[in-house]
Amino acid sequence: MNKTSQHVRTRRQHRTTLRWIVAITTITLVFDGYDLVVYGTVVPQFLRDPSQIGHLSVAQAGALGSYALMGVMVGALITGAIGDHVGRRRIMIAGIVWFSVAMGLSAFATSITVFGLLRFFTGIGVGALVATAAAMVAEFAPPQRRNVYNAIVYSGVPVGGVLAAVMALLTSGGDSWRTLFLFGAAPLVVLLPATLLRLPESPKWLLARGHTERAQLLAERTGVSLSEPTRAAEGKKVGYAALASRRYALPTVLLGLMSCSGLLLTYALNTWLPEIMGQSGFGKSYALVFLLALNGGAILGGVLASRAADRTGPQRVITSTFVLAAVSLMLLTLGLPLGALLALVAVAGIGTIGTQVLVYGFVANYYDTRARAAGVAWCAGFGRLGGIGGPLVGGVLISAGISPHHAFYAFAGVAVLGALVTLFVPRRSTEEDPLSDSVPDRSSARPAGVLAHEPRRCAATASREHAAVSKPG
């Protein structure tokens, strides 16, 4: 096989592999988004019908909303501790099984305590999946299009939110909420088989762990380009230890705070927006339509913003979307007509959920292979402190009788804080790292799977070959 044919074959293999990875991780995060929003759709029913899981106060409802997020934080941080050691594929498979089983069991809960515990366990599975998806995409996607592919994958979160809102509109009354949670177990049937058959381990992770032969064989099968690590790379810190190094310590803190701001806004709005709009005079159907607008805006806006991030850099775009969220949330307090309110909620979706989509892509590409899973896990785990605070803050504000206007002002202040933190994240270090793939590699034209250990030809040899090619026959 000549070099041209081999290169075409390699590119075809890579495209096929990438499509499967994007499809599997996107569907996985669709169910993450479904889990995020489905609780917000059933909160009004729980508050008004104690026959479901017991007498529930507004403050208790906020706490229940946070239990899943506590689980996400635990799951993400555990994944960060082991993900860079055991691999991406194993974590994805375990996360899908864990999440599906816990979600299905939640449908049969009959008390607040049992429901809360199952929400916590569901969150553990979600945390593992969210923390691993970005690492998978970053290690298979072309460097110049990583933000777009991350946006496609993490747009699964608002797509899942739309799915939850639509299903809540189609089912109402009685025990319909149990059907909504039972549907969350679907990945066990529809996603797990495809994951077992089609999701490969990352060749770059295998190479980083010293499994050179396995990495090369898998790279040849999946079309991924590899570079051989040098001796200077050996013995470098892996996982959380790498995050604590001088190179990553400050950025890790700032990236965590940035994610914390984005997730506080995401979870606060998805949990309490139906109730806030209900208190503002809109019926149940209209309140759920606002959820559709919030997540629908995030889907479209997140993908468009990611294209800008690939051209101008994600940091500037994330700062702008945080500011966009702050402005739109403050404008929601002006008592505008329904159409204008829906448009503003959609813009707020871009600046909150859409921003978090960009944050995951930014973080995944900020770290090299040895620290990538830990970096994304830290971002997802520490950021969940904001996610935990979102439902709690909303619950406290509403139970205290504070008007919806003041709740929107409080959320706008968080968006401004997120923009300021983003501005101070240092530029990615240009320190040479043979396993770093955050910038395009000129050697990527080399047939994928071939390690870069071929000796360089001397200038004289190259000159003679050029002359031979140029000489008329």
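Leaving aside neighbours within four places in sequence, which residues is Gly 381 in contact with? They are Met 73, Ala 76 and Leu 77, where contact means heavy atoms within 4.5 Å.

## Model and conventions

This is a predicted model, in which local features need pLDDT of at least 70, side-chain atom pairs count only at pLDDT 80 or more, and totals for chains, interfaces and linings use all residues. Residues are numbered from 1 along each chain as its sequence is written, and side-chain values use heavy atoms, with hydrogens and water left out.

## Overall fold

The chain has 20 helices and zero strands. Both are DSSP runs, numbered from the N terminus: helices are H or I with at least four residues, strands are E with at least two.

The chain counts 473 residues, and 55% of them are buried. Buried means under 20% relative accessible area, exposed means over 50%, and partly exposed lies in between (1.4 Å probe, protein chains only). The accessible surface comes to about 19700 Å². Carbon and sulfur atoms hold 64% of that surface. Areas come from the Shrake-Rupley method with a 1.4 Å probe; for residues, only the protein chains shown count as cover. Take the contacts in the chain with a separation of 6 or more: 84% of them join residues 24 or more positions apart.

## Gly 381 in helix H18

Gly 381 sits in helix H18, residues 369–399. Its relative accessibility is 0%, so Gly 381 counts as buried. Val 130 is 251 residues away along the chain, yet the two C-alpha atoms are separated by 9.4 Å.

Helix H4 covers residues 112–140. Its 29 residues should span 42 Å at 1.5 Å a residue, and the end C-alpha atoms are 42 Å apart, which agrees. The expected span is 1.5 Å times one less than the number of residues. H4 is mostly covered, with 23 of its 29 residues buried.

How many salt bridges does the structure hold? It holds one. A salt bridge puts a side-chain nitrogen of Lys or Arg within 4 Å of a carboxyl oxygen of Asp or Glu. Here the side chains of Asp 35 and Arg 119 meet, at 2.5 Å from N to O. The pair links distant parts of the chain: Asp 35 is in helix H1 (residues 3–48), Arg 119 is in helix H4, and they are 84 residues apart. Both residues are buried. Side chains of opposite charge can pair when their charged atoms come close.

## Serines and helix H6

Ser 155 lies in the loop between helix H5 (146–154) and helix H6 (156–170). With a relative accessible area of 4%, Ser 155 is buried. Beyond its neighbours within four places in sequence, Ser 155 is in contact with Ile 299, Val 303 and Val 357.

Ser 176 belongs to helix H7, residues 176–183. At 11% relative accessibility, Ser 176 counts as buried. Its contacts, leaving aside neighbours within four places in sequence, are Gln 45 and Thr 171.

## Cysteines

The structure holds zero disulfides. A disulfide is a pair of cysteine sulfur atoms within 2.5 Å. Cys 260 is buried at 17% relative accessible area. Cys 379 is buried at 1%.

## Nonpolar surface patch

Val 323, Val 327, Met 330, Leu 331, Leu 334, Leu 336 and Tyr 409 make a nonpolar surface patch of about 580 Å². Patches use residues with over 30% relative accessible area and no salt bridge; like charges are joined within 9 Å, nonpolar side chains (Val, Leu, Ile, Met, Phe, Trp, Tyr) within 5 Å. The largest share, four residues, comes from helix H15 (residues 314–331). Met 330 lies in H15 and is partly exposed, at 39% relative accessibility.

Leu 417 is in helix H19, residues 404–423. Leu 417 is partly exposed, with a relative accessible area of 47%.
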